[in-house]
Amino acid sequence: MDDFEQGDLRRESEGPRGFDLVLDLEGFEGPLDVLLTLARDQKVDLIHISILNLAEQYLRWITEMRRANLELAADYLVMAAWLAYLKSRLLLPAPPGEAEPSGEEMAAALQFQLQRLESMQEAGVRMMARPRLGEDFFARGMPEDLSNDVTAVYDLTLYDLLKAYADHKRREEIGGTLHITPVELYSVEAALERLRKLMGDLVPDWQTLANFLPEGLRDPLLHRSAVAATFVASLELAKEGQLELRQTETYGDIQIRRALRAGQEKKGGSHG
């Protein structure tokens with residue numbers, strides 16, 4: 001069994017009859033494959049292998065298999081019998097007038113079969129190692145599968161789990177689920193509509209932007225949102241050429257006025 005450690009031995013239940021041992025040799029499909037593996041153990045070229053040693057190796061393998069109470073297939077046993085016969089033909093002199101092939105001829109035929117099997121296996125390995133269409137190279141216009149498989153990995157310690165559980169219990173004791181109440185903010189659209197309505201009432205003189213805020217803004221958050229929305233609306237109107245803005249000093253008040261035409265600008269003087 002040492003020569004076939006890559007084989008998979010497993011037991012499978014078959015009900016009341018007990019267990020049967022199943023041998024999976026992973027690619028050994030017959031006695032010739034076993035012989036080729038045993039021949040490679042001699043570490044020499046197949047042309048120079050010792051047929052007698054090969055026969056001894058195979059017979060020892062058969063003995064070990066049968067000692068393990070394995071039911072060997074008939075072709076393995078037939079190969080064992082044929083190798084025993086070949087061994088006897090190689091050791092004993094050929095009887096006179098023998099019509100059958102000599103032991104040397106039978107050994108040469110076996111060597112040829114092993115060489116041919118090895119060539120077929122090597123050709124199969126080379127063929128499977130060649131680039132494959134759809135895996136190593138792609139035809140023009142061939143769709144590619146770009147799907148991604150995302151696997152979540154949770155790397156937590158016992159401390160992290162206990163802390164998460166304690167935080168969850170603490171949130172339940174405080175008051176359960178957190179509900180955020182909606183807040184009312186002054187929108188930019190409302191500020192644009194208000195400034196456009198006040199455009200006709202604007203005089204050519206500069207006026208502070210704060211004068212155009214809605215009245216009655218007592219909520220500080222609503223007041224800040226109105227200032228920001230009115231400033232953004234004034235920038236939009238200035239971009240359209242309807243308003244002019246200026247700030248005479250750092251952090252000073254922002255002033256606006258209605259955009260002047262060329263003649264009005266000469267009368268009113270320069271502006272920032």
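## Overall make-up

The protein chain has eight helices and five strands. Helices here are DSSP runs of H or I with at least four residues, strands are runs of E with at least two, and both are numbered from the N terminus. Along the sequence, the pattern reads β-β-α-α-α-α-α-α-β-α-β-β-α. This is a predicted model, where local features need pLDDT of at least 70, side-chain atom pairs count only at pLDDT 80 or more, and totals for chains, interfaces and linings use all residues. Residues are numbered from 1 along each chain as its sequence is written, and side-chain values use heavy atoms, with hydrogens and water left out.

Of the 272 residues in the protein chain, 24% are buried. Buried means under 20% relative accessible area, exposed means over 50%, and partly exposed lies in between (1.4 Å probe, protein chains only). The accessible surface of the chain is about 20,400 Å². Carbon and sulfur atoms own 53% of that surface. These areas come from the Shrake-Rupley method with a 1.4 Å probe; for residues, only the protein chains shown count as cover. Now take the contacts with a separation of 6 or more: 51% of them join residues 24 or more positions apart. A contact means heavy atoms within 4.5 Å.

## Helix α1 and its cover

Helix α1 spans residues 31–40. It is mostly covered, with eight of its ten residues buried. Among them are Val34, Leu35, Leu36 and Leu38. Pro31 and Asp33 are buried too. What lies over these buried residues? The cover includes α2, α3 (74–91) and α4 (103–128).

The structure holds one aromatic pair. Its members are Tyr58 and Trp61. Their ring centres are 5.9 Å apart, and the planes make an angle of 35°, so the pair is classed as tilted. The rule is this: rings of Phe, Tyr and Trp (its six-membered ring) pair if their centres lie within 6.5 Å, with planes under 30 degrees apart counted as stacked, over 60 as edge-to-face and the rest as tilted.

Both residues sit in helix α2 (residues 51–67). They are three residues apart, about one turn of the helix. An α-helix has 3.6 residues a turn, so residues three or four places apart point the same way. Tyr58 and Trp61 are both buried.

## The two sides of α6

Helix α6 covers residues 188–198. Its buried residues are Ala191, Leu192 and Leu195. They span an arc of only 100° around the axis, so they lie on the same side of α6. The arc is taken from the directions that run from the helix axis to the C-beta atoms. On the other side, Glu189 and Lys197 are exposed. Which helix do the buried residues of α6 pack against? They pack against α7 (220–239).

## A three-stranded sheet

Three strands form an open sheet in the order β3-β5-β4, with antiparallel pairing. Strands β3 (207–208) and β4 (243–246) stand at the edges, each with a single partner, so one side of each has no neighbour in the sheet. Two strands pair if DSSP finds at least two bridges between them. Four bridges link β4 to β5 (residues 255–258). Two bridges join β3 to β5. Ile256 in β5 is the bridge partner of Leu245. Gln207 also stands opposite Ile256.

Helix α7 packs on the sheet and touches β4 and β5. Its direction makes about 120° with that of β4. Axes are lines fitted to C-alpha atoms, for helices over the stretch in contact, and angles run from 0 to 180 degrees between N-to-C directions.

## Two loop residues

Tyr251 is found in the loop between β4 and β5. Its phi is near 60°, a positive value in a residue other than glycine. Most residues other than glycine have a negative phi. Is Tyr251 buried or exposed? Its relative accessibility is 80%, so Tyr251 counts as exposed.

Asp219 lies in the loop between β3 and α7. At 41% relative accessibility, Asp219 counts as partly exposed. Leu185 is 34 residues away along the chain, yet the C-alpha atoms of Asp219 and Leu185 are separated by 9.9 Å.
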